[in-house]
Structures are given as structure tokens and as C-alpha cells.
Amino acid sequence: MSKLKYDVIVIGAGIVGCMVARTLARYKLNILLIEKETDVGMGASSANTAIVHAGYDTVPGSLKAAMNVAGNRLWDSLSQELGFAFERRGDYVVAVGEEEAPLLAELWRRGRQNGVLGMAMISGEEMRRREPRISPAVSGALWASTGGICDPFGAVIAEAENAVQNGVTISLQTRFESFAMEGQRILGVETNRGTFACRWAVNAAGLNADEVMHQAGVRPEFAIAPRKGEYYVLDRGEIQINNVLFPVPTEVSKGIMVTTTVHGNAVVGPNAQEVSDKEDRSVTRAGLDEIWQGAQKLIPSLQHRHVIAVFAGLRPAGNARCETPGVDYAHDFVIEIPQAVRGLVNLGGIESPGLTAAPAIAERVVELLRDAGEKLDPKRKWNPVRHPRPRFRDLSPKQQQQLIETNPRYGRIVCRCETVTEGEIVAEIHAPIPARTYDAIKRRTWLGTGRCQGGFDTPRVVEILARELGIPQLEVTKKGPGSEFLVRGTKDVEESGAAD
Ligand SMILES: Cc1cc2nc3c(=O)[nH]c(=O)nc-3n(C[C@H](O)[C@H](O)[C@H](O)COP(=O)(O)OP(=O)(O)OC[C@H]3O[C@@H](n4cnc5c(N)ncnc54)[C@H](O)[C@@H]3O)c2cc1C
């Protein structure tokens with residue numbers, strides 16, 4: 001057991017774990033955030049639709065609904081303090097054909113019950129005027145002005161950096177294995193890097209939250225069934241839609257939608273497929289066909305030739321019944337300090353709208369700790385502001401010139417599609433949470449996400465990573481051990497005669 005006893009150890013550095021760590025860093029607490037991967041935000045938080053949901057489709061009375069609406073309201077101040085992209089553009093749920101129109105009324109009713117402001121019903125004709133490329137069969141739409149889109153990678157990284165700025169320690173490649181317990185009390189967290197003593201452990205392990213809570217003997221019946229969502233990404237500027245377009249939702253998901261991202265690409269998806277493997281983020285032909293058909297129902301003129309990438313994410317869907325009397329709902333969030341064990345803050349089943357809800361979940365964790373008698377003394381020097389590093393392509397020509405004069409590396413373009421410079425890459429490698437892999441740089445700078453999908457920049461990024469980290473190029477990875485780009489040097493092959 002570590003000599004140092006942490007007040008709080010947060011398990012899992014997704015949007016929820018990072019947000020909890022950042023929020024708790026307001027108080028005089030010694031906090032450790034552990035993550036099994038090589039970077040923060042590599043789980044569900046890295047592969048989702050990036051919508052800050054208004055909250056009209058969650059079941060009224062559920063924790064999900066309460067956290068969605070409360071979380072949504074916190075995104076403006078959060079993005080301003082932390083310097084990541086967020087646009088409150090509003091969104092539409094679109095009914096196609098007369099038979100779908102009555103479903104909008106149900107969403108409207110739910111939205112009113114959940115306290116969603118800024119909703120309006122609009123006619124099919126008005127919808128076609130606002131989105132000229134939409135299906136002519138549209139019969140009406142629900143407009144929610146509080147919906148938004150964000151950069152989910154930027155949000156996680158900014159939260160984690162701000163947490164570190166305020167004293168949180170982050171330990172990557174540190175896998176939770178079990179709890180050190182005395183009777184029903186948690187004394188510490190056992191990991192592949194040893195046991196760390198703590199007074200509180202926060203379970204924010206996403207897809208593995210069920211396994212973590214079972215290690216503490218909590219909710220043995222709780223299980224996470226990963227639900228996959230697949231996506232197509234379209235080239236920037238190739239589809240002109242003004243807003244976020246949802247179809248009417250299904251029982252299990254919000255449906256296959258068409259949206260633009262904060263980076264200007266269009267994204268279509270996701271579907272919803274139960275899978276048994278918590279690591280299975282593969283895309284399938286059948287799944288891609290399903291999302292294409294779903295998206296064409298909203299925008300019939302979509303064209304395959306504009307597709308530049310595909311990806312999939314896994315929703316950590318849980319089976320916790322809503323505890324509000326009279327509300328019959330079987331897939332609510334778990335946000336609790338369980339009675340059965342001392343020292344655990346238990347978060348589980350944080351599927352969509354978990355991204356939206358994360359800031360509210362973090363505030364709820366503070367309330368739970370306070371209710372449990374934890375003395376939360378505010379730090380005098382807590383700093384909520386994190387300054388973003390410059391993004392060359394967003395600067396004016398004059399600002400670009402000034403940046404190059406201070407550091408000539410900003411004059412060398414490494415990613416031509418997205419205009420990312422060597423200066424930006426080097427800054428990310430030496431940032432408060434260093435980017436040590438290709439994908440870590442990609443999530444931070446958007447490099448390699450354009451039409452060539454890294455074809456031009458990868459060799460240069462491998463060189464830069466090796467130089468800056470002081471490691472051989474052979475050790476540079478895409479996303480951690482096992483994903484090295486190179487297997488051997490060309491000269492090694494020639495010298496051993498293996499080239500023949
Ligand atoms: C297809 C899809 C679409 C979605 N769309 C939206 C949307 O548009 N809007 C929205 O609000 N929400 C959306 N969501 C939901 C949202 O992405 C999630 O609710 C949110 O990202 C969950 O965050 P998290 O931090 O709980 O989980 P994660 O991001 O998965 O983080 C959990 C972390 O715990 C780590 N971990 C796990 N086990 C261990 C261990 N043993 N030791 C150490 N670390 C561990 C993982 O590596 C991971 O980094 C979507 C999800 C998916 C999959």
C-alpha cells in the first residue's frame with residue numbers, strides 16, 4: 001500500500017472521470033485519477049456523436065433526464081473556462097411521413113416535463129425552408145434551441161489539464177484491478193502499478209463500471225451490455241446542412257442522424273447493436289448499410305463519394321431501474337454512495353446522454369460527498385481557466401506570421417488537409433498531459449482527419465514523436481503498446497540480407 005493516502009482516487013479518465021476530478025479539485029483534496037490506457041478520453045468519450053442534448057427524449061423522473069437538462073446548462077461556461085469548441089446551434093427531430101408526426105408531440109411532452117426551454121413545433125414546409133436538402137416527405141419537426149455540438153476530445157483533454165493545473169495527479173496505463181478492503185470499508189485501490197491508499201474511490205470506469213462495483217460487492221445484479229454505434233464521416237464542405245437533424249427516436253437509441261461537427265465535417269450515424277465484447281469497435285458492412293439508409297431517409301442526396309472515414313463507439317448501457325416512485329424505466333444512470341460499502345462513489349450505466357450530463361454528474365458527486373459528511377474546504381487558489389494552445393489554421397494571417405516569428409516550427413505544415421503545423425504537434429507532446437502517441441496528437445490537433453486520413457503526415461509525425469520523446473522511431477505507436485507503426489529499420493533488413 002502506498003505511504004501517501006489520497007483523499008479521492010477516480011477510476012477512469014473519460015469525460016465523467018476527468019470532469020469529477022476537475023470539479024473536486026476546487027476543494028482541499030489530494031486526488032489521483034487513474035486510467036488504463038495511454039491517454040485520457042480513449043473510451044466512449046472518444047467515439048460518440050458529440051451532441052449536447054437538449055433533454056426532450058429522456059424519461060421524465062429518471063436520473064438521466066435530470067442530469068441531461070442540468071448538464072446541458074453548464075456547457076457554455078465550461079467551454080469558455082476551458083477553451084474548447086462548443087456551439088449551441090439547436091437541433092431538430094424530424095418526422096418523415098404523416099405516421100411519424102404524432103411522435104413529436106410525445107417528445108414535446110417529455111421535454112416540458114424535463115424542464116427543457118426553447119422548444120418549438122414547426123411544419124414540414126417550414127422545415128424544408130430551413131434545411132433545403134431535407135427529404136420532401138418531412139411532415140414536421142421539433143426544434144430545440146438548447147441543443148448543441150462540441151469537440152468531445154477537446155473537452156476531455158481540457159478538463160484533465162485543468163484538473164492537473166489544480167493539483168490532481170494523473171496516472172496513465174494504470175489499470176484498476178480490485179479494492180483493498182477492511183470489512184465493508186475501502187482502504188485503497190489495487191492496480192498493475194501497486195496499491196494506492198485512499199479514503200474515497202470514484203467508479204467512473206465506463207464499460208467496466210459493472211466489474212469495478214462488483215469488486216466492492218455492490219449491485220451484483222448490475223451489468224453493462226455494450227451497445228455499438230457505427231458512423232460515416234463525410235469530407236468537410238461536402239454536405240450543406242445548417243443544423244443537427246435527428247429522426248424520431250427508437251426504443252433503444254436516438255436514431256440515425258445527420259449532423260455537422262465543430263470541425264466542419266458531416267457525420268451520419270449511429271445505429272445501435274448489442275455486442276458481447278467490450279473491446280469490439282469494428283465496423284460492419286451491414287451496420288454501415290443500415291446507417292446510410294437511415295441517413296438518406298433524412299437527406300436523400302447524400303453521396304458515398306464524400307465519405308472519408310468510418311468508426312464505431314460502444315455505449316456503456318446498464319440495467320439499473322429508475323428509483324423514482326412511479327417511473328418505470330430499466331436503464332437509468334447509477335449515481336450513488338452505496339449503503340453497503342464505505343468509501344465508494346459509484347457511477348454506472350453512463351450511456352447517452354452521458355457526455356452532456358458529465359458536468360452535472362460531477363456536481364452531483366460533490367453533493368453526495370457533502371451529504372456523506374465529507375468536509376469540502378474550497379481552495380483559495382483554484383483556477384477554473386485553462387488556456388487553449390494556438391491552432392494555426394484558426395488564426396489570421398497576421399497572427400500566423402507572429403507565431404512563426406516566435407517559433408519557426410509553426411511555419412512547417414505537417415498535415416496539409418487540416419493545416420496542422422510542427423509547432424502545434426511539439427506543443428501537444430510537451431503539454432500538461434503529454435500526447436505520446438499518434439492518436440493522442442490527432443485527438444488534440446485534428447491532424448490526419450482530412451481526406452488523406454494521415455497518408456501524408458504519418459511518417460513526419462513518427463519522426464517528430466521519436467525526436468521529442470527521445471525514443472527510437474520503432475517504438476512510436478498509434479495508440480499504445482502493440483500498435484507500433486514500424487517493424488524494423490530498412491538498413492537492418494539490407495545488412496542481414498533479408499531484403500532479398
Ligand atoms: C455511439 C455513441 C454515441 C453517443 N452519442 C452521444 C451524444 O451525442 N451525446 C451525449 O451526451 N452522449 C453520447 N454518448 C454517450 C457518451 O459518449 C458517454 O456517456 C460518455 O462518453 C461516458 O463517459 P465515461 O467517462 O463514463 O466513459 P468512458 O469515456 O468510456 O471512460 C471510462 C474510462 O475508464 C477507463 N477504464 C475502464 N476500466 C478501467 C480500469 N479497470 N482501470 C482504469 N481505467 C479503466 C477506460 O479506459 C475509459 O477511459 C454516445 C455514446 C456512444 C458510444
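Which polar backbone atom is 3.5 Å from an oxygen atom of the ligand? The atom belongs to alanine 50. The views below come from a predicted model.

View 1. Alanine 50 contributes a polar backbone atom, 3.5 Å from a ligand oxygen. Proline 353 also contributes through its backbone: an N or O atom lies 3.4 Å from an oxygen atom of the ligand. Histidine 53 uses its side chain instead, with a polar atom 3.2 Å from a ligand nitrogen. The ligand, taken alone, exposes 1000 Å². The protein buries 97% of that area.

**View 2. The shell around the ligand.** The ligand is surrounded by 36 residues. Glu35, Ser45, Ile51, Ile350 and Thr356 are the closest. By type, the shell holds 15 nonpolar, 15 polar and six charged residues. Two helices, α1 (15-24) and α8 (354-371), each give two or more residues to this shell.

View 3. Serine 135 sits in a loop. The loop runs between α4 (124-130) and β7 (138-144). Is serine 135 buried or exposed? Serine 135 has a relative accessible area of 6%, so it counts as buried, the cut-off being under 20%. Leaving aside residues up to four places away in sequence, serine 135 touches Val96, Arg128, Lys297, Leu298 and Pro300. Arg128, one of these contacts, falls within the numbered range of α4 (124-130).

Definitions and conventions. Residues numbered from 1 in each chain as written. Predicted model: local features only at pLDDT ≥ 70, side-chain atom pairs only at ≥ 80, totals over all residues. Heavy atoms only, no water. Near = heavy atom within 4 Å. Polar contact = N/O pair within 3.5 Å; in protein donor to acceptor, adjacent residues only side chain to side chain. Areas by Shrake-Rupley, 256 points an atom, 1.4 Å probe, with all protein chains shown as cover. Helix = DSSP H or I, 4+ residues; strand = E, 2+ residues; numbered from the N terminus. Nonpolar A, V, L, I, M, F, W, Y, C, P; charged D, E, K, R; others polar. Buried < 20%, exposed > 50% of the residue type's maximum accessible area, 1.4 Å probe, protein only. Contact = heavy atoms within 4.5 Å.
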